[in-house]
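Morning, everyone. I have one structure for you today, and I'll keep it short.

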Amino acid sequence: MRKEKSMSDIITYTGIQMNPLQPEPEQIEIRDIAHALSLICRGGGHVKHFYSVAQHCLACAEEARVRGYSVRVQLGSLLHDGSEAYIADVTRPVKQQMPQYYEIEGPLQAVIWQKYMTDADGRPMPPDEEEKQKIFAIDDQMMSLDLYWLLGDHTVTISPDILSDRSEASRDFVPMEQVEQAFLQRFTELKRQLDAEMQKETVL
């Protein structure tokens, strides 16, 4: 039975009632993350056409794969903006002036990583500092593609570190429903691979 809703709570796409300021692992649902991120536009909507946060996350996960990074870094990259499913996206210049946003985002993102990145016994194993550095470096570098193709800012140099698709087609519009399904499919594949690796390590 759902508790009485307070002004601090939201109701997610799948009907979960939660307070984003006090997130609990059982309140995090990957279907909510995939759905919400597929409907949130990058850059506050100031782009040539709709390009979602979910598409950005998929691009980051693919870049991690092409670089030969671990499954953990690939999954961490896919989920790195998961908190925005619950607290929305804010353009970076504004976000940098909002320290309280980071105070909310950090713990929420940590809960998401802790829920879906676990060891063989289901204990949380969120990204360590080295893995986070790789995840956030990809995030920053992929922004150069967004600025160049989606905002048409050709004063920006596309990061030479990007090894995946750098073409304009990489930022094409894709229907939200397809993006949502692609996000869920990639999540399922990576989670299965990660769980298999963790089980293998326990045997060894």
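Start with C41. C41 is buried, at 17% relative accessible area. Buried means under 20% relative accessible area, exposed means over 50%, and partly exposed lies in between, with a 1.4 Å probe and protein chains only.

Before I go on, the ground rules. This is a predicted model: local features need pLDDT of at least 70, side-chain atom pairs count only at pLDDT 80 or more, and totals for chains, interfaces and linings use all residues. Residues are numbered from 1 along each chain as its sequence is written, and side-chain values use heavy atoms, with hydrogens and water left out.

Back to cysteines. How many disulfides does the structure hold? The count is 0. The cut-off is a pair of cysteine sulfur atoms within 2.5 Å. For C41, the nearest cysteine sulfur is that of C57, 13 Å away. For C60, the nearest is again the sulfur of C57, at 6.3 Å. C60 is buried too, with a relative accessible area of 1%.

Next, helix packing. Helices here are DSSP runs of H or I, at least four residues, numbered from the N terminus. Look at α3, residues 71-78, and α7, residues 129-150. Their axes come within 9 Å and cross at roughly 50°. Axes are lines fitted to C-alpha atoms, over the stretch in contact for helices, and angles run from 0 to 180 degrees between N-to-C directions.

Who makes the contact, meaning heavy atoms within 4.5 Å? From α3, R72, V73, G76 and S77; from α7, E131, K134, I135 and I138.

Is α3 enclosed or open? Of its 8 residues, 8 are buried, so α3 is largely enclosed by the rest of the structure. Among them are Q74, L75 and L78.

Q100 is in α6, residues 99-116. Q100 counts as exposed, at 55% relative accessibility. From Q100 to K191 is 91 residues in sequence and 31 Å in space, C-alpha to C-alpha.

D195 lies in α8, residues 176-203. D195 is partly exposed, at 30% relative accessibility. D195 and Q55 sit 140 residues apart along the chain, with 24 Å between their C-alpha atoms.

That's it from me.

Note on methods:
Helix = DSSP H or I, 4+ residues; strand = E, 2+ residues; numbered from the N terminus. Contact = heavy atoms within 4.5 Å.
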